[in-house]
Amino acid sequence: QVQLVESGGGLVQAGGSLRLSCAASGSIFSINAADWYRQAPGKQRELVAAITSAGSTNYADSVKGRFTISRDNAKNTVYLQMNSLKPEDTAVYYCNAIVVVTTTRLEYSYWGQGTRVTVSS
């Protein structure tokens with residue numbers, strides 16, 4: 001069993017910064033790709049940032065230049081550094097990871113429970 005736990009959300013003023021963390025635990029052999037998604041009220045969940053096992057990154061146009069995704073393989077943790085936050089960044093942020101489990105060496109997709117980010121104007 002694998003669990004993802006996000007943390008770091010909160011209330012911040014426009015222009016401020018937050019760093020989200022997604023810590024994976026359990027029967028983890030390795031983490032392949034990992035992503036951050038967000039879902040604003042009344043909107044569909046959207047991909048914000050992605051990182052591969054090799055460290056290649058990709059971002060939604062709306063966050064390019066402001067957000068940075070990174071990973072610490074030793075800690076099985078993925079981060080999302082969010083700078084120059086805007087009110088439209090307000091959403092629940094979810095971590096998704098493709099994990100190779102120790103027992104079977106098969107990969108599965110796991111989601112965290114989400115962490116709320118509110119940006120005030």
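**Briefing: core, loops and ring contacts**

Asn-76 is placed in the loop between β7 and β8 (strands are DSSP runs of E with at least two residues, helices runs of H or I with at least four, all numbered from the N terminus). This is a predicted model, in which local features need pLDDT of at least 70 and side-chain atom pairs count only at pLDDT 80 or more, while totals for chains, interfaces and linings use all residues. Residues are numbered from 1 along each chain as its sequence is written, and side-chain values use heavy atoms, with hydrogens and water left out.

**Loop residues with positive phi**
- Asn-76 is not a glycine, yet its phi is positive, near 50°.
- Its relative accessibility is 24%, so Asn-76 counts as partly exposed (buried is under 20% relative accessible area, exposed over 50%, partly exposed in between, with a 1.4 Å probe and protein chains only).
- Ser-84, in the loop between β8 and β9, also has a positive phi, about 50°, without being a glycine.
- Ser-84 is partly exposed, at 41% relative accessible area.
- Most residues other than glycine have a negative phi.

- Leaving out residues up to four places away in sequence, Leu-80 touches partners including Leu-18, Trp-36, Val-48, Phe-67, Ile-69 and Tyr-93 (contact means heavy atoms within 4.5 Å).

**Arg-66**
- Arg-66 sits in the loop between β6 (57-59) and β7 and is buried, at 11% relative accessible area.
- Its side chain makes a polar contact of 2.7 Å with the side chain of Asp-89 (N or O atoms within 3.5 Å, within protein one able to donate a hydrogen and the other to accept it; residues adjacent in sequence count only if both atoms are side-chain atoms).
- Beyond its neighbours within four places in sequence, Arg-66 contacts Gln-81, Met-82, Asn-83, Ser-84, Leu-85, Lys-86 and Asp-89.

- The structure holds 1 aromatic pair (Phe, Tyr or six-membered Trp ring centres within 6.5 Å; planes under 30 degrees apart are stacked, over 60 edge-to-face, the rest tilted).
- The ring centres of Tyr-37 and Trp-111 are 5.0 Å apart and their planes at 55°, so the pair is tilted.
- The charged end of Arg-45 sits over the ring of Tyr-94, 3.8 Å from its centre (Lys NZ or Arg CZ within 6 Å of the ring centre and within 35 degrees of the ring normal).
- Arg-45 also lies over the face of Trp-111, 4.9 Å from the ring centre.
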